[in-house]
Amino acid sequence: MLEVVTVQNINAKDRIEVSCSSAACEGCKGGLFCNTKKRIFEVANTEGLAIEKGDSVEIHLQTGRTIGGTLLTLIAPLLLFPVGYYLAKSSGLGEGISTLIALGAIAVGFVGVWLYFKVHEHKYLPTVERIITSND
């Protein structure tokens with residue numbers, strides 16, 4: 001998916017902070033699920049384009065990585081619920097305690113997913129495709 005954003009800050013030559021314009025958010029098909037509305041987020045400048053603060057740039061969000069990241073975020077913790085429940089029940093614990101341990105397993109799953117994305121965040125960042133308008 002391609003989106004037009006405005007450069008807010010240059011963090012490094014390969015990392016910039018951008019924000020969506022309200023017009024981009026209105027036309028975006030993922031607007032219902034977007035967590036970056038009116039916020040600044042980081043994108044990768046893998047091509048080393050000469051970008052300056054205030055430029056409008058086009059970014060690309062890889063569909064497969066977006067869907068994969070969403071599935072990982074939701075499914076991995078949920079899969080730990082039955083595992084935690086089974087392990088607790090097989091060790092002889094009661095129903096209530098087993099359920100609490102299973103819920104704790106979900107929490108551990110979310111922490112694990114968060115750590116995974118912290119380590120591999122560069123693979124999931126949108127990338128700058130081209131400069132639309134320069135702020136010269």
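Guide: We may begin with helix H2 (residues 63-90) of this predicted model. Phe-81 and Tyr-85 both lie in this helix, four residues apart, which is about one turn of the helix.

Visitor: Are Phe-81 and Tyr-85 stacked or edge-to-face?

Guide: A pair of aromatic rings is described by the distance of the centres and the angle of the planes. By the ring-pair rule the count comes to four aromatic pairs. For Phe-81 and Tyr-85 the ring centres are 6.5 Å apart and the planes stand at 10°, so the pair is stacked.

Visitor: How are the rings of Tyr-116 and Tyr-124 arranged, stacked or edge-to-face?

Guide: Ring pairs link Tyr-116, Phe-117 and Tyr-124 into a cluster. Planes over 60 degrees apart count as edge-to-face. The rings of Tyr-116 and Tyr-124 have centres 6.2 Å apart and planes at 70°, so the pair is edge-to-face.

Visitor: Is Ser-98 buried or exposed?

Guide: Ser-98 has its place in helix H3 (residues 95-119). Leaving aside residues up to four places away in sequence, Ser-98 touches Tyr-85, Ala-88, Lys-89 and Leu-93. Its relative accessible area is 0%, and under 20% counts as buried, so Ser-98 is buried.

Visitor: Is Gly-48 buried or exposed?

Guide: Gly-48 is placed in the loop between strand E3 (40-44) and E4. The C-alpha atom of Gly-48 is separated by 9.4 Å from that of Arg-15, 33 residues apart along the chain. With a relative accessible area of 53%, and exposed meaning over 50%, Gly-48 is therefore exposed.

Visitor: How many bridges join E1 to strand E2?

Guide: A hairpin through two residues joins E1 to E2. Within this pairing, Thr-6 stands opposite Ser-19 in E2. The strands run antiparallel, and the bridges that join E1 to E2 (residues 15-20) number six.

Visitor: Which residue in E4 is the bridge partner of Val-4?

Guide: Strand E1 (residues 2-12) also pairs with strand E4 (residues 56-60), in the antiparallel sense and over five bridges. In E4, the bridge partner of Val-4 is Glu-58.

Definitions and conventions: Residues numbered from 1 in each chain as written. Predicted model: local features only at pLDDT ≥ 70, side-chain atom pairs only at ≥ 80, totals over all residues. Heavy atoms only, no water. Pairing = 2+ DSSP bridges. Buried < 20%, exposed > 50% of the residue type's maximum accessible area, 1.4 Å probe, protein only. Contact = heavy atoms within 4.5 Å. Phe/Tyr/Trp six-rings, centres within 6.5 Å; stacked < 30°, edge-to-face > 60°.
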